[in-house]
Amino acid sequence: MDTKQDFFTRKKEESGIVLNAVQQEAVKQTEGPLLLLASPGSGKTTTIIMRIGYLIEEKGVSPARIKAITFSRAAAADMKDRFRKLFPNLLPVDFSTIHSLAFELVRVFFRRNNAPFLLIEGEAGPYHKKKILRNVYKAIHGEKITEDQLEELQTYISYIKNKMIPPAKWGKVATSVPEAARILKEYEAFKKQGTRQLLLDFDDMLTHANEILRRDPDLLRMYQGRYDYVLTDESQDTSMVQHAIVEKLVRRHRNLCVVADDDQSIYSWRGAEPSYLLNFKKVYPDAKILFMEQNYRSSQEVVTAANLFIKRNKHRYDKNMFTENPPAGPIRFVRLPDYKYQAKYLAQNIAASENFSEIAVLYRNNMSSIALINEFDREGIPFYIKDTDNRFFSHWVVQDILNVMRLTFTDKRADILAQVHSKLDGYITKQQMEAVKGIRNNQSVFDNLIQYAHLKDYQVQKVREVKETLREMRGMPPLDAIHVIRGRLGYEKALENMCKRLGFRKDPLIGILNTLEEIADTLSTMEEFAARLQHLAQILKTAKGNKGRHAVTLSTFHSSKGLEFEKVYMIDLVEGIIPGDDEKENDLLMEESVRLFYVAMTRAKKSLEMVSYEKRDGTRTMDSPFVAAVKEIVNNVEKAAKTKPDMAVARIGKKTVSIPYNPNAMKDASAFVAGKKIRHRVFGHGEIVEINGNTMAIRFEKRTVKLSIPTCIEKGLLEEAGR
């Protein structure tokens, strides 16, 4: 009896799991390099777990000899749990992130060499990454780095290390942080020489691990000898240095299974290398490539639209995602008259739902969540925030607005004015501000400026105007107050000038002001406004605790990957957001934007709604071209369904042949397996003898022909021989 078949039969009886033909082939393909390209909802995790179980139960491999590398700690924990449930009687397998593996390797190396080191991630202890970077920035520029700049600087550093870019080329990597290459150089120097021990960040663990494996043959042999089978998951998000580590680990046995989907690669900005998958056969010429294209998650409407949408990208494997799930209703397109109605529209539609946990609202930028949080809280809709690293309420623009409002209550606080004086229409210099900071005479700070700061005549008039404007603002509703701050007090003009001077993007800062106005709307006093901001900040902190509860999920497109929901709203679908303005000028960035949109689409099981608006902040907006593309796809599919063709057209060699429409045609890609007897509409009876990705070889009576599987499905060229 075929023991391989026994494995799948046994698992079906034990757990009810049934694998399709491609999944089974992936499980059985244990030796040598394998690239498993898994479309969204194709049962990737189940296939991985079954493959590991097959290695142990059928091939007799010790669990300790298997290494499974995942993208995140959460994914590693999930796989451990699922493996334990499917194979409760087997010893555990080593599931971990690449960073965990690298850290273990680095720790062994430094202990062997008696070299002390310290991990500087987090914000505890005398040395941590952010503190060092803040100090280096201030030493170079003479002023504090903003939180936005700090985040961008960390992304810049991580990108360089994951791409393994040499120091001579650091200055060529695009960033808006001034002198970023010099900051990185001094940051690296401090880590090596600034203390008595070597300081390492997360990305250093990867670069050091790669160098250790390259330079230390003993450690290389030790780790190569530890595992006989290595599997990497979500490999489309793997960087060059991570690929390099894995290549060295498997060099001896080459038993590597890479599970990925090039169509879901969305992290190039932090060093992911999707082109590595496209060049997989250059690294592993004997690699087997399999396509898991059947989607078990989504409705026919979602799968068809997403499959055709992603084909606009050129740098990809030509896959054809399909599903046998039934229809569930058309994709909906909603275009609101104005952005300000979006959060209200969503709240009103979601409030009547019975199962909040099966609803997700997805957006490109974290900023979009603030208006939703505000409106959902007002409507009493519980929600879970996937991305809690949202610094909106501590952002300096928010703090500026609050500080100006504080000055309307008391203008005697020089320390408050010192935070915002450069952004108000008073032309007060830093030196003049310093002249009055120490004065404690219980007088207006503006009067002190006029009396003690040696102002010029034009400054005196401006300072008096600012003082008078602040006096007039007392008791003003917060929405009106923000309008005055932006306009008469010159705050928005100051932001524009600052952005030009420092190279900041203006739109995100203006977006913060607009969001503050949305929160201020309907509030009566500035005290209520300040309290509302505190309330929302607290909600944001606690919202992560709603995971798994009766709550709507709010998530960025990026963080939604791997999730699924009955109903998905994709919002803010306008030009400039998705795709961004910079992405339209770069083909590779544009393709990543397409992939990001595709990832969001494929989170929906049954219902998908795309939301845009005609104008925002008084300016007309254009729908995202991706929305237009999906609309066109949906319309074309509906037309085709109404006028189903009686004839298909196929190209056979140099001839074009008309073929009658065949209702019995094979439409399931997983049905195309070696050994299958088929009948071709032109060549007649034959047998599939080989499958290689999207191509198959079929032996007919007179010759063997190579055909494209997607083309055969599209044209209805093949049917099973017994039909």
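This is a predicted model: local features need pLDDT of at least 70, side-chain atom pairs count only at pLDDT 80 or more; totals for chains, interfaces and linings use all residues.
The UniProt record, an unreviewed entry, places the feature "domain: UvrD-like helicase ATP-binding" at residues 17-299.

Within this stretch, one residue can be followed in some detail. Threonine 146 lies in a loop, with α6 (129-141) on one side and α7 (147-163) on the other. Is threonine 146 buried or exposed? Its relative accessibility is 19%, and because buried means under 20%, threonine 146 counts as buried. When residues up to four places away in sequence are not counted, threonine 146 touches Trp396 and Phe504.

A further part of the chain forms a sheet. Strands of a sheet pair through backbone hydrogen bonds, either parallel or antiparallel. Here the sheet is open and has 5 strands, in the order β22-β21-β20-β19-β23, and the pairing is antiparallel. The strands β22 (704-708) and β23 (718-720) stand at the edges, and each has a single partner strand, so one side of each is left without a neighbour in the sheet. From one strand to the next, the twist averages 40°.

| Strand | Residues |
|---|---|
| β21 | residues 695-700 |
| β22 | residues 704-708 |
| β23 | residues 718-720 |

How many bridges join strand β21 to β22? There are 5 bridges between these two strands, which run antiparallel.

Definitions and conventions. Residues are numbered from 1 along each chain as its sequence is written. Side-chain values use heavy atoms; hydrogens and water are left out. UniProt positions are given in the numbering used here, feature names are shortened, and annotations may be inferred rather than shown by experiment. Helices (H or I, at least four residues) and strands (E, at least two) are DSSP runs, numbered from the N terminus. Buried means under 20% relative accessible area, exposed over 50%, partly exposed in between (1.4 Å probe, protein chains only). Contact means heavy atoms within 4.5 Å. Two strands pair if DSSP finds at least two bridges between them. Axes are lines fitted to C-alpha atoms, for helices over the stretch in contact, and angles run from 0 to 180 degrees between N-to-C directions.
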